[in-house]
Amino acid sequence: MDIKTLKSFMAVAKHQSFSEAARELYTVQPAISRQISSLETELGVVLFNRTSREVTITPAGEQLLKDGAVILALAEQAKIQVKRAHDGQIGTLNIAHLSSACLTFMTTLVRSYKEKFPHVHVSLFEMTVTEQIEALVVCQKVC
């Protein structure tokens, strides 16, 4: 089951019509029919009762409708999170610093950063210059 097929299923359930679902998804009715038929074969259940006049969802279809809504919401959330991660808006920022050199501005700097990127966890590490150089060398080997 893929996202496209699940969206087709959800559209048919919403409209109780293969034709209306096709219009919503900017495709043709035979493509929607093939997707639903393939999904039913894959799952081994009938999702819709079809007559020439109506389409009604079965109990198995009702369950997929509930689960499908959750799956599609998670897929959308994943897209958002991936973009946030790419843009540096989530994750962890590790900062090594010399407390004596950074004492006057570090608090303000971190506070300002956290206001702009509230989903990034900031970790501060007090290190000597030698420790910072050693950490960078290790990071270059690992990263």
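Axes here are lines fitted to C-alpha atoms, for helices over the stretch in contact, and angles run from 0 to 180 degrees between N-to-C directions. The model on screen is predicted: local features need pLDDT of at least 70, side-chain atom pairs count only at pLDDT 80 or more, and totals for chains, interfaces and linings use all residues. Residues are numbered from 1 along each chain as its sequence is written, and side-chain values use heavy atoms, with hydrogens and water left out.

**Stop 1**

Select α1 (3-15) and α3 (29-43). Helices (H or I, at least four residues) and strands (E, at least two) are DSSP runs, numbered from the N terminus. The axes of α1 and α3 lie 9 Å apart, at an angle of about 105 degrees. The two helices are therefore roughly perpendicular, a label for angles of 65 to 115 degrees.

Now show the side chains between them. From α1 come K4, T5, S8, F9 and V12; from α3 come I32, Q35, I36 and L39. Contact means heavy atoms within 4.5 Å. This set divides into 5 nonpolar, 3 polar and 1 charged. Ala, Val, Leu, Ile, Met, Phe, Trp, Tyr, Cys and Pro count as nonpolar, Asp, Glu, Lys and Arg as charged, and the others, Gly among them, as polar.

**Stop 1: along α3**

Which residues of α3 are buried? They are A31, I32, Q35, I36, L39 and E40. Buried means under 20% relative accessible area, exposed over 50%, and partly exposed in between (1.4 Å probe, protein chains only). Their cover includes α1, α2, β1 (48-50) and α4. Step past the end of α3 to G44, where phi is positive, near 75 degrees.

**Stop 2: the largest core**

A nonpolar core is a set of buried Ala, Val, Leu, Ile, Met, Phe, Trp, Tyr and Cys residues joined through side-chain atoms within 4.5 Å. Select F9, V12, F18, I32, I36 and F48: of the 17 residues in the largest core, these touch the most other members. Helices α1, α2 (18-24), α3 and α4 (59-86) each supply at least two residues. The most come from α1, with 6.

Then pick out I95, C102, V110 and V122. They are among the 5 residues of a second, separate core.

**Stop 4**

Return to F48. Beyond its neighbours within four places in sequence, F48 contacts F9, V12, A13, F18, I36, E40, V55, T56, I57 and T58.

Move to L47, in the loop between α3 and β1. L47 is buried, at 1% relative accessible area. Its C-alpha atom is 8.1 Å from that of I36, 11 residues apart along the chain.

**Stop 5**

Where is T58? T58 sits in the loop between β2 (55-57) and α4. At 8% relative accessibility, T58 is buried. Leaving out neighbours within four places, T58 contacts V46, L47, F48 and N49.

End on A60, in helix α4. A60 is partly exposed, at 31%. Leaving out neighbours within four places, A60 contacts V45, V46 and L47. The C-alpha atoms of A60 and F48 are separated by 8.6 Å, 12 residues apart along the chain.

Technical notes:
Parallel < 35°, antiparallel > 145°, perpendicular 65-115°, else oblique.
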